[in-house]
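User: Could you walk me through how to read a few features of a protein model? I would like the general idea and then the case at hand.

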Amino acid sequence: MSNGTPLGDFLRARREALKPHDVGLPEHGRRRVPGLRREEVALLAGVSSDYYIRLEQGRENSPSPQVVDAVAHALKLDAESTDHLNRLCLAASQRLHNRGEADVSAQLLQLMDGWDHTPAFVVGPALDIMAGNSLATALHSGFEKFDNLARMMFVDPAGRSFYQEWERAAHSCVAEIRAAYGHDPEFARIAEVVAELSARSEEFAALWQLHDVKGKSQEGKHLKHPQVGDLRIKFAAFTVNGAPHQQLVVYQAEPAGPTATAFETLRAMATRQGTERSLWPRSSPSCPRGGPDCGDASEGT
């Protein structure tokens, strides 16, 4: 993913994104490098130039909390980016390593299966779809596969028409993976997804290099399904207790509104197609998607 260290790569990207006038410094003449110089960040943070250079070069991996706060202030990082910086400064022994994606609990599968009017699905750190209920499957039926949100966004042709605010959604998608990466830069699945999508999508590669960070929270989405048309949804994501690397994603419609009516149409379509109980868990690497086309790996509830 890079020849540098996660900490150094992040600092370099955020330094290069700033201009001297952004931080109140004068700008004289032509610059050979984009953004701020290392010496300027060091000055703003109140540390020596040599120390800051060692941080970017990976020769200093354990800065004090006071230094981290000073560097974050110098780089004008927001709260999420500052938390990300603090995580990158942790020693390997201090990290909660993700040694693999745990199965989605039976209780959570049963809960989602009971939500007939609400699309719900579980994603892993690399935005793999680990489980989904029938309405979530029907909502994403225009895609080649309902397997990984980032792949669907950047590689599947359906992504451009499904996500009506594609640029905003694409930026958020990459920033979410970057946030997960900060929790465990050694997690192999994130490396696999980033390498694949960087090779297949120049837009993904460019966004990944920005090092922007944003976790899933709550926001609105404008989607367009090929059969039921425009959808205006409310969106929320929740960390799963007992499985901190999983997130439950829930889409909701305004009661009695056009999107709620469209959800009812999707549910009826799924019922007619015999998929009304198609909730499935993502299972083994040999069947990375899980679901109806994976034989015994699919489990109804």
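User: Which hand does the crossing of helix 4 and helix 5 have?

Analyst: A crossing is left-handed if the near helix is turned anticlockwise from the far one by less than a right angle, and right-handed if clockwise. Here helix 4 passes helix 5 in a right-handed crossing. Helices (H or I, at least four residues) and strands (E, at least two) are DSSP runs, numbered from the N terminus. Before going on, note that this is a predicted model, in which local features need pLDDT of at least 70 and side-chain atom pairs count only at pLDDT 80 or more, while totals for chains, interfaces and linings use all residues. Residues are numbered from 1 along each chain as its sequence is written, and side-chain values use heavy atoms, with hydrogens and water left out.

User: At what angle do helix 4 and helix 5 pack?

Analyst: Axes are lines fitted to C-alpha atoms, for helices over the stretch in contact, and angles run from 0 to 180 degrees between N-to-C directions. Helix 4 (residues 65-74) and helix 5 (residues 79-88) have axes 10 Å apart and an angle of about 140 degrees. That makes helix 4 oblique to helix 5; angles under 35 degrees count as roughly parallel, over 145 as roughly antiparallel, 65 to 115 as roughly perpendicular and the rest as oblique.

User: Which residues make the contact between helix 4 and helix 5?

Analyst: Contact means heavy atoms within 4.5 Å. Helix 4 contributes Val 68, Val 71 and Ala 72, and helix 5 contributes Thr 82, Leu 85 and Asn 86.

User: Now to burial. Which residues of helix 2 are buried?

Analyst: Buried means under 20% relative accessible area, exposed over 50%, and partly exposed in between (1.4 Å probe, protein chains only). In helix 2 the buried residues are Glu 40, Val 41, Ala 42 and Ala 45, and they pack against helix 1, helix 3 and helix 4. Just after helix 2 comes Gly 46, with a positive phi of about 75 degrees.

User: How many salt bridges are there?

Analyst: Side chains of opposite charge can pair when their charged atoms come close. The rule for a salt bridge is a side-chain nitrogen of Lys or Arg within 4 Å of a carboxyl oxygen of Asp or Glu. That rule gives 17 salt bridges.

User: Which salt bridges does Glu 56 form?

Analyst: One of them joins Glu 56 to Arg 15, at 2.7 Å from N to O. This pair links distant parts of the chain, 41 residues apart, with Glu 56 in helix 3 (residues 49-57) and Arg 15 in helix 1 (residues 6-16). Glu 56 also pairs with Arg 38, the closest N and O atoms being 3.0 Å apart. Arg 38 lies in helix 2 (residues 38-45), so this pair ties together parts that are 18 residues apart in sequence.

User: Are these side chains buried or exposed?

Analyst: Glu 56 is buried at 1% relative accessible area, and Arg 15 is buried at 4%. Arg 38 is partly exposed, at 28%.

User: Which residues are linked in a network of salt bridges?

Analyst: The network links Asp 9, Arg 12, Arg 15, Arg 38 and Glu 56.
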